[in-house]
Each structure stands twice: as structure tokens, then as C-alpha cells.
Amino acid sequence: MPDDPVPEILSAQEAPEFAPAQFVRWFRDVAPYVHAFRGKTFVVTFGGELVQEGALNALVQDLSLLSALGIRMVLLHGSRPQVNEQLRLKGYANRFGLGLQPMDAAELECAKEAAGEIRLDIEAAFSQGLPNTPMSGSHIRVISGNFVTARPAGIIDGVDYGHTGKVRKIDIDALRFAISHDSIVLISPLGFSPTGEAFNLDVEEVATSVAVALRAEKLIFLTENTTVHNPDGSVDTELAREDADNLLATSELDDVTAYLLRYASLAVKRGVARAHLVPFTLDGSVLLEIFTHDGVGTMVVEDTLDDLRPATLDDVGALLQLIEPLEADGTLVPRGRTTIERDVDNFCVLEHDGVIYGCAALHAFPKEQMAEMACLIVHPEWQSEGGGDKLLRHIETQARQRGFKRLFVLTTRTSHWFIKRGFVQGGITDLPRERQASYNRSRNSMVFIKRL
């Protein structure tokens, strides 16, 4: 064993071979995600740049693991750099980038050749099974087919786009049949019309259409290094769709990031639970994005809709209506109108059609880099709608953005709910000193703490 103690968290490259404590902790930490995502559908898409950079083999190994864990997958690949290389070799001057561009018959042949070559490379990678490799013992079926019906893009601004197409229809029944039988569906950026014509498609549009049609749990765009960043340069790991749309309206993003973020926002708006922009240049980025709390890319979510907002003084009456029944039965400590009015800036509320049906408060203890979530309430008629999880995620995000390292709660009756969401039981001495002094020992509330 090494003489130096093993750090609490290490990267795969830096961790010593013998680090059992870290291994066990990691396995326990990812278990909730494994349970949550088993049987769910992920749509994963990447450009030809990933193949060009030699990252295909590592990605296939990670996707094979996800498949073994019971996650259903549709995989889409792009081929822009490969098409451009074919065009260069054949002496054509045209080059293709993001978005729709006119394509003639000769250029379509280049697109077919490039897509066919990448498809075969992907199928070969999933067929690996050598001993002592991550693919050992894997039996991954990859199914390709005419899942996408296309239509011509037509004439735009007087220009005939020829063999460039748009998605007309996704064969949802065939897709569901394939993925329900433990196969990975592989889709190329080509579509076919009822007249038998082939069209070159925008892979980002196809991926978004497939994810929406399947009501996928996740749509993952693997990019070279395209994520949204905070002002301090760090990756913005969670972005509300409304905020994403506001950011797109500012024109502050580079063209590639804006292009992908626009599709991510559209997917979430149309029913996909989560859309991710993940850098493929980081080894294992898909696993890190899925199985760690913050991930390594930018996730677009719908959770912070118009109905989740900061509380105002006008909301005090509605807050009291939520709180008073729980104060009466002893679930919550009595607060009173004066306390609510004083602390209203700490509250956020869930509102639907003018009715406030949930709330939570965040109290800061900067000295200890800790925050308390208090008064988490969802009206009984709304408790099956996931409002409690929305509020918790919002409070966690707010606490993390303010630099707090731990979030704690005091509860007498809902300990299991917090345990299921990653909180660990602590004691009074784990609380900030100021909170220890105000702790009501007669209530004997349990303390639960979560690392942020």
C-alpha cells in the first residue's frame, strides 16, 4: 500500500491501482443513477470530428457499459469532416459546415461514402470482445435502417438546395421495437423519401427529432469542447431552458455553441427530460456527465419554468396557508407572519395558474460554507408531480452558485425522503455554530447533510 493517504477524489488517470475506498465510494455513489436510468432511452449524437480525433473506440466502450446497465440507446453520427475530405479528394471546391447548405448529386455521393465508412467503423467497434478489455464478454447488437423519412429542403431564398433534406417523419414503432430488444439503433445523417430519393440531413436536427419522438430521458450532443461557461470561466453545468433561450438572444455565444444549444433547448421544450452538451475531448465524459452530480458538460432542463420563482411580500399570505397546517400537526416549527415577512427573500415558490402550491427557503451560513434548506412544502394535491424534487434541485443550485459546500436540513418526519436524495444523517455538532445555538432540543429534529 502507498505510504501517502489516498485523496478523497481522484481522476481515473491519477488514482493508484489499489484504491479500494475510492472504488467502493464511487460504486455506491453511482448506484442511484443506475436504478434511475435502467430502462430509460438515451439519444447520443456526435460529429465526424470524434472519429477523426480517434475517440470512437473509447466512446463505444462507455456506451457498451451503459447498454449493459439497461439503458436503451439510439446513436447518431455526423460526417461533415469526412464529407469534406471526400470532396477535396475528388476536386470539388464546396465544403460543408453547420446548418443547411445546397448539395448536388455528386456531393451526395460523397456524403453516402463518408456515412457508410463511419457506420461500418462504429459497427466494427461494437463487435469487439477481446479478453482483458472493457468489451470482453459484450454482445451488443447494432441495428441500422431506414428509420428517417426525409423531404427536400426545397428552394430557399431563390436557391435550390437539391439533395439537402429535412426530417419528415421518424419511424417510431420500428425504433421502439429495436431498442426494446436490447439493440443499439445506429442512424446516419441520411434520410429517404417515399419516392426512393436519398437526402443529406443535419444530424443535430435528426437527433432532436428522434429524441422528441421517443420522449427520451436524455439527448446528448458530444462536441469537441462546446459548453456554456459562467463569467468566471467555469462550465455552467445546469441551465434552465428559459435561461438558455435568453442567452441565445444575446448573441454572446460562438456559432457552434449557439447552434447546439438551440437544438438542446428545442428538445427540452418538446418533451425531452434533459439535453446535454458534453466535450468528447475528456476521456469518459459521457460516464462523468451521467453518473456524477455536476457532470462535466452543460445540461439544459425545463425544471425552472415560469412557475418556480423567488417569493415576494405579496406571497406571504399564500406561504402561510401552506405552512400553517404543518405547524399545527407539529411537522414544522411555528414561524408566524412576522418571521415569514422578514425572511421572504430567502423563499422560492412554485406557482401554477396563479396558485402557489410549493415553497422552500435557503438560509446562509457563509462562515462555515454551509446553507440550510428549510420549510420545504408541496401542497398534498400536487405531491405526485415532482414539485419537491424541483424545489430541492433549485435550492441546491442556488447554494452551489453562492459557493456553499454543504446543504443541511432539520426534519422530524421526512428522513427517508432526504436519504433517497443523497443526504446523510449527521448530528447537532455538524451544524454551524449559530444554528447549534438556535436548535430546538425539545423537537429533537434529525440533521441531514448533503455535499454540493
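The model is a predicted one, in which local features need pLDDT of at least 70 and side-chain atom pairs count only at pLDDT 80 or more, whereas totals for chains, interfaces and linings use all residues. Residues are numbered from 1 along each chain as its sequence is written, and side-chain values use heavy atoms, with hydrogens and water left out.

In the hairpin of S17 and S18, with 4 residues between the strands, pick out glutamine 369, whose phi is positive, near 55°.

Now take S18 (residues 370-378) itself, where 8 of the 9 residues are buried (under 20% relative accessible area with a 1.4 Å probe and protein chains only, while exposed means over 50% and partly exposed lies in between). Strand S19 (residues 406-411) runs parallel to S18, with 3 bridges joining them, and methionine 370 stands opposite arginine 406 in S19.

Next, display the second largest pocket, which has a volume of about 1300 Å³. Its lining comprises 50 residues, and Leu332, Arg335, Ala374, Cys375 and Leu376 are those nearest its centre. S18 supplies the largest share of this lining, 7 residues. A pocket here is an open set of points on a 1 Å grid over the protein atoms alone, where a 1.4 Å probe fits, with protein on both sides within 12 Å along at least five of seven lines, and lining residues have an atom within 4 Å of a point.

Move on to helix H6 (residues 172-180), whose buried residues are Ile172, Leu175, Ala178 and Ile179. Seen down the axis of H6, these residues fall within an arc of 130°, so they line one face of the helix; the arc is that of the directions from the helix axis to the C-beta atoms. On the face turned away from the buried side, look for the exposed residues Asp173 and Phe177. After H6 comes aspartate 182, with a positive phi near 60°.

Finish at glutamate 205 in helix H7, a buried residue with a relative accessible area of 11%. Not counting residues up to four places away in sequence, glutamate 205 touches Gly165, Lys166, Val167 and Tyr263, where contact means heavy atoms within 4.5 Å.

Note on methods. Helices (H or I, at least four residues) and strands (E, at least two) are DSSP runs, numbered from the N terminus. Two strands pair if DSSP finds at least two bridges between them. Grid points are joined across faces, edges and corners, and a volume is the space filled by probe spheres set on the points.
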